[in-house]
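Please look over the notes below with the coordinates open.

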Amino acid sequence: MRPEDILKPTPAGLYCEPGGFHIDPTRPVDKAVITHGHSDHARAGHGSVLATQETLDLMRLRYGDNFAGTVQTVRYGERLNIGGVNVTFHPAGHVLGSAQVAVEREGLRIVASGDYKDVADPTCAPFELVRCDVFITEATFGLPVFRHGDPDGEVAKLMRSVALFPERAHLVGAYSLGKAQRVIAIIRKAGYERPIYLHGALESMTRYYQSRGIALGELRGARDADKSKLAGAIVLCPPSALNELWSRRFPDPVTAFASGWMRVRARGRQRGIALPLVVSDHADWDGLTATIAATGAPEVWVTHGQEDALVHFCVTHGLAARPLALVGYGEEDDSEGATGRSEPA
C-alpha cells in the first residue's frame, strides 16, 4: 500500500478516500476531522466534524451552535475505526485541544501534524511524539533564521518595561486563541499579580480557557476600565487593534506584539511596534527538524509555510520529501499560521 492510497492532497485539503473524510478541509465537506480551533483549520459548514472536546467548544464559540450538521468528540489516544482506517488523536502542543491526527491502514501509519510546537506551554497538553511511516509537517517557520528562544525571557522584557514606565499602559498584541492565554500564563509565572485587561475580542476565548481549569489570575474587560487605573497596566488585544482608534484611550501606550515573526525585526518596525516579543505557538526551525528526525519517518510531506527549505533539509538528510502546496491555511489575522501571505503569527 502506498501512502497516497490512505491520504492525498485535494482542492479541499487532505483527503482519506478509504475513510471518506478530510483533515482540516478548506471548504465544506461531508466528513471533517479537525486538528484545532484556529479558523484557517476549523471552518463551519461541514456535514459532520470529529475533534477534541475543546476544539468543538471553540468552534461553537466562534461560529455558533449550528457550525456543523453533527459533531463527535474524540479523546487523545482513543482509537476510532472509520471505513477500515484507524484514526487516533495525539496532543500537538499548539493551543488548547490541538491534535495531530494519526491515520493507519494495513500497517502503514501517516501522521498529519496540524500546527504544533515542541516547547512547554502551561495552557495546553504538551506535544506527543508519534513514530510513523509518513510525517505531514507544517512549516510556518521553516527557515533557519527562525529560532524562537525562551518565551519567559521575552516576557521578562515586558516586565522590565512595565517597571521602567509605571505611568504608561502596555498594549500587547496577541491572537485571541492560544497566544493571548499563553502570554497571560507566562506573565503570571513571572510574578505579576495585578489585574490584566482584555480587549473584548479576547474575552470569550480567554474565559473558556479559565473554564477548563487554566489558571490566568484576575482578568478585566478593558472597555469597562477607569482610564485612571490603566496607567502601568498590561492590556492584551488583537494585533490589529494596536493601530486602531481603540488604542488611543490608553495613557501614552507602549505597543508590544507577541509573535514568532518578531524574530525579523523589520516586521516589528513596519508595524510600529516598540516592544517585539518573540513568542510563537509554532515549532521553530530547530523544533521542526528535530521532530521530523524523531518520528523516524522515512518520508515527509511539508505543508503551509516555508516548504522548500524544509523539503531541502529532509532530502539532504536522506529522507524522501515533497511539498504539498495546500492553499487556504494561515490566511486569517487571528491565527498564528502564516505563509507570509497575510503575516498572521
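1. Phe313 is buried in this predicted model, because its relative accessible area of 18% falls under the 20% limit. Its ring partner, Trp285, is likewise buried, with a relative accessible area of 9%.

2. Trp285 belongs to helix H6 (residues 285-295) and Phe313 to helix H7 (residues 307-316), so their contact ties together parts that are 28 residues apart in sequence.

3. The structure has eight aromatic pairs. Elsewhere in the chain, Tyr116, Phe127 and Phe135 are joined into a cluster by ring pairs.

4. Two arginines lie over aromatic rings. Arg322 places its charged end over the ring of Trp301, 4.5 Å from the centre. Arg249 lies over the face of Phe250, with 5.3 Å to the ring centre.

5. How many cavities of 30 Å³ or more are there? The count is one. The largest cavity has a volume of about 110 Å³, and 14 residues line it. Closest to its centre are Leu14, Asp24, Gly114, Thr303 and His304.

6. By class, the lining of the largest cavity comprises six nonpolar, six polar and two charged residues. Strand E11 (134-139) contributes at least two residues to this lining, as does strand E18 (299-305).

Key. Residues numbered from 1 in each chain as written. Predicted model: local features only at pLDDT ≥ 70, side-chain atom pairs only at ≥ 80, totals over all residues. Heavy atoms only, no water. 1 Å grid on protein atoms, 1.4 Å probe; cavity = no way out; pocket = protein on both sides within 12 Å on 5 of 7 lines; lining within 4 Å. Points joined across faces, edges and corners; volume = space filled by probe spheres on them. Helix = DSSP H or I, 4+ residues; strand = E, 2+ residues; numbered from the N terminus. Nonpolar A, V, L, I, M, F, W, Y, C, P; charged D, E, K, R; others polar. Phe/Tyr/Trp six-rings, centres within 6.5 Å; stacked < 30°, edge-to-face > 60°. Buried < 20%, exposed > 50% of the residue type's maximum accessible area, 1.4 Å probe, protein only. Lys NZ or Arg CZ within 6 Å of the ring centre and 35° of its normal.
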